[in-house]
Amino acid sequence: MALDRDLQSIQEVRDLIRAAKKAQEEFATWSQERVDALLKTICDACVDAAEPLAKMAVEETGFGIWQDKVVKNLLGSKITYEYIKDMKTIGVINEDRENKILEIAVPMGIVAAIIPSTNPTSTVMYKSLISLKAGNAIIVSPHPGAKKCTTAAVRVVQEAAAKAGAPAGLIGVIETTTMQATNELMSNKDTGIILATGGSAMVHAAYSSGNPALGVGPGNGPSFIERSADIPLAVKRIMDSKTFDNGTICASEQSIVTEECIADQVRAEVKRQGGYFMDEEQSKRVEKFIMRANNTMNPAIVGKSAQVIARMAGITIPEGTRVLVSEQTEVGKTHPYSREKLCPILAFFVEKDWEGACRKSIEILQNEGAGHTMTIHSQNEDVIREFALKKPVSRLLVNTPGSLGGVGASTGLAPALTLGCGAVGGSATSDNISPKNLYNIRRVAWGLKELEQLRAEVGRPCAPATGAASAATCSTVSTADVERITREVLAAVLKAN
């Protein structure tokens, strides 16, 4: 008798986990050199497949621009590999001879990799490389709307791994994609850690699974253009970022915030570079498409061009428009322009000065996107420092495109397609996730002191020697010393009161 689809998918996951557990036990015996050679083989295969997989992703999901997805695939493969290739992640990773501590990397076991539909192939490459680098097995859970291209990316990784001699089952993928399958993967007792990249509901489920998880929340990064900025260059970076893959990277800018004294210059530059400021009626038409009835982002606009969104909303825009811009003053859950929009739509806020812009940026982030990312365009180091000290984000990007800077492509941050949001964003880490987040550290510590030394160092008399212990080994403290210390402590207490 055939199993129902949900039961079939659960059984498939259990089989994948059994195979991955066995494979990881063998993989855990590999040397650093052998693991690194495996990664190089996988990376090369992913680079070769970057273009066809990018085209497949756009065709299947309808999100983004295939040429930009090629860049994402190279970020997930070549750029990630170059960043992690020299990391020590296997066996002894550090030895502190002075303090007599040895640190040993311990793989977490099986990584449950939840893959989003916005970056369905590049995230497979990236998560595979960082998981294997840390000595883990990996099982991929595709988004149902990107199953074909995600599975194809996994096949590229599997075939390359097999050529390098990796044990069968080390890299798995769920082919019967159901919510029950994903839940089984996340909650199974043999899952070591969950890497959850996707919507808020999925991330919440990962943290509620009972297993360790690294999840990321939504982005909603404002971009502040301060009066000292190179305005044309600042606008170029924002436009480059917001149109890159039609805005599907969660670190991309969602709002421009600028100062009153330069607002006209910024508006003019945005228009010159392909931004279209919608009038009030047009803004209201587009606004209806940003959120669904349940107040979550409408997937119909995700990764679509400005022209497609304009047609959906029934408005006419100039030919060559790259980004739709709406002037706004209010922030809140019922103000869609002040929320995350994974497409070429920007809100535009004007504040009196940088202090007002600072407050507005915080308001936007607290509305949605706390802990994620924001950008600032400025030459004023004092203002940059003030923003760094006060903004509830894990990444403050300075004079760079948000989407490319956040993922480490145009900055020195770790290349990553999973960006931690820290405690303020409900995440277990604020890091750009790398292999260092996917192993535990076993510390071997040698004794440095005996009890008698500790007693002497803290100025406390020794306990009477017992058994074979000799009173001569005890560092003695005289009665006069004890009385003096007591008087000093008492005097300090009386003075404080």
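Contact here means heavy atoms within 4.5 Å of each other. On that definition, 71% of the contacts in the protein chain with a separation of 6 or more are between residues 24 or more positions apart.

This is a predicted model, in which local features need pLDDT of at least 70 and side-chain atom pairs count only at pLDDT 80 or more, while totals for chains, interfaces and linings use all residues. Residues are numbered from 1 along each chain as its sequence is written, and side-chain values use heavy atoms, with hydrogens and water left out.

The overall picture, then. The protein chain has 17 helices and 15 strands; these are DSSP runs, H or I of at least four residues for helices and E of at least two for strands, numbered from the N terminus. Along the principal axes, the C-alpha atoms fill a box of roughly 95 × 70 × 40 Å. Of the 497 residues, 53% are buried, where buried means under 20% relative accessible area, exposed over 50% and partly exposed in between, with a 1.4 Å probe and protein chains only.

Next, a sheet. Five strands form an open sheet in the order β5-β4-β3-β6-β7, with parallel pairing; two strands pair if DSSP finds at least two bridges between them. β5 (171–173) and β7 (213–215) are at the edges with a single partner strand each, so one side of each has no neighbour in the sheet. Neighbouring strands are turned by 15° against each other on average, direction ignored. Within the sheet, β3 (residues 110–114) and β6 (residues 193–196) pair in the parallel sense over four bridges, and Val 111 has Ile 193 of β6 as its bridge partner.

What packs on this sheet? Helix α1 (residues 5–27) does, touching β3, β4 (137–141) and β5, and its direction makes about 160° with that of β4. Axes are lines fitted to C-alpha atoms, for helices over the stretch in contact, and angles run from 0 to 180 degrees between N-to-C directions. Helix α5 (residues 122–133) lies across β3, β4, β5 and β6, also running at about 160° to β4.

Is Pro 144 buried or exposed? At 57% relative accessibility, Pro 144 counts as exposed.

Now two helix pairs. The axes of α7 (residues 179–187) and α8 (residues 200–207) come within 9 Å and cross at roughly 40°. That makes α7 oblique to α8; angles under 35 degrees count as roughly parallel, over 145 as roughly antiparallel, 65 to 115 as roughly perpendicular and the rest as oblique. Met 179, Thr 182 and Met 186 of α7 meet Met 202, Ala 205 and Ala 206 of α8.

In the second pair, the axes of α11 (residues 280–290) and α12 (residues 306–313) come within 9 Å and cross at roughly 100°, which makes α11 roughly perpendicular to α12. The contact is made by Arg 285, Val 286 and Phe 289 of α11 with Ile 309, Met 312 and Ala 313 of α12.

Last, strand β11 (residues 323–327). Four of its five residues are buried. Three bridges join β11 to β10 (residues 275–277), and the two run parallel; Gly 275 stands opposite Val 323. β11 also pairs in the parallel sense with β12 (residues 345–351), over four bridges, with Val 325 opposite Leu 346.
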